[in-house]
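Subject: Structure handover

Hello,

Here is the structure I promised to pass on. Please open it first, then read my notes below.

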Amino acid sequence: MPARCQLTGAGPAFGNTISHSHRRTRRRFDPNIQRKRYWLPSEGRHVRLTLSTKGIKTVDAIGIEAAVARIRARGGKV
């Protein structure tokens with residue numbers, strides 16, 4: 001499963017781990033990706049979305065219909 005949110009587009013970020021001796025090694029910060037199932041009333045079916053936790057909060061705020069419209073506008077498949 002790719003570590004990318006379908007709604008916000010959030011993906012992995014990269015940075016450094018800094019040890020006690022201040023040596024730097026590269027690391028990856030993955031977003032908190034969850035698979036969530038929503039009922040889409042306009043189509044009469046469930047959709048399963050791969051969302052970050054921020055994306056889940058966005059769906060709660062704007063509604064599933066508007067969220068699906070945003071995903072489709074970005075060229076995503078629902």
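What share of the contacts in the chain with a separation of 6 or more comes from residues 24 or more positions apart? The figure is 38%. Keep in mind that this is a predicted model.

**The chain as a whole**

There are two helices and four strands. In sequence order they run β-β-β-β-α-α. The radius of gyration is 16 Å, well over the 12 Å that the globule rule gives for 78 residues, so the chain is more spread out than a compact globule. The C-alpha trace spans about 60 × 20 × 20 Å along its principal axes.

Burial comes next. Of the 78 residues, 27% count as buried. The chain exposes about 5,500 Å². Carbon and sulfur atoms supply 49% of that area.

Now the charges. The chain carries 17 positive side chains and 4 negative ones. The centres of these two sets are 11 Å apart.

**Helix H1**

H1 covers residues 53-62. Its buried residues are Gly 55, Ile 56, Thr 58 and Val 59. They cover an arc of only 160° around the axis, which puts them on the same side of H1. Lys 54, Lys 57, Asp 60 and Ala 61 are exposed on the other side. In general, an α-helix has 3.6 residues a turn, so residues three or four places apart point the same way.

What covers the buried residues of H1? The cover includes strand E3 (33-40), strand E4 (45-52) and helix H2 (64-73).

Thr 58 counts as buried because its relative accessibility is 19%, and the cut-off for buried is under 20%. Leaving aside neighbours within four places in sequence, Thr 58 is in contact with Leu 7, Gly 63 and Arg 70.

Thr 53 also lies in H1. Thr 53 counts as partly exposed, at 35% relative accessibility. Not counting residues up to four places away in sequence, Thr 53 touches Asn 32 and Gln 34. Gly 11 is 42 residues from Thr 53 along the chain, and their C-alpha atoms are separated by 12 Å.

H1 is followed by Gly 63. The phi of Gly 63 is positive, near 95°.

**Helix H2**

Which residues of H2 are buried? They are Ile 64, Ala 67, Val 68 and Ile 71. Seen down the axis of H2, these residues fall within an arc of 100°, so they line one face of the helix. They pack against E3, E4 and H1. Just after H2 comes Gly 75, with a positive phi of about 95°.

Ser 52 belongs to strand E4. Is Ser 52 buried or exposed? Ser 52 is buried, with a relative accessible area of 6%. Setting aside neighbours within four places in sequence, Ser 52 is in contact with Cys 5, Thr 8, Asn 32 and Ile 33.

Ala 10 sits in the segment before E1. Ala 10 is partly exposed, with a relative accessible area of 28%. Beyond its neighbours within four places in sequence, Ala 10 is in contact with Ala 3, Arg 4, Cys 5 and Pro 31.

**One backbone point**

Where is His 22? His 22 is in the loop between strand E1 (13-18) and strand E2 (24-29). Its phi is near 70°, a positive value in a residue other than glycine. For context, most residues other than glycine have a negative phi.

**Where to start**

Then turn to H2 and its buried residues, which pack against E3, E4 and H1. After that, go to His 22 in its loop.

Best wishes

Notes:
Residues numbered from 1 in each chain as written. Predicted model: local features only at pLDDT ≥ 70, side-chain atom pairs only at ≥ 80, totals over all residues. Heavy atoms only, no water. Buried < 20%, exposed > 50% of the residue type's maximum accessible area, 1.4 Å probe, protein only. Contact = heavy atoms within 4.5 Å. Rg over C-alpha atoms; globule rule 2.2 N^0.38 Å. Areas by Shrake-Rupley, 256 points an atom, 1.4 Å probe, with all protein chains shown as cover. Lys, Arg positive; Asp, Glu negative; His and termini not counted. Charge placed at Lys NZ, Arg CZ, Asp CG, Glu CD. Arc of directions from axis to C-beta.
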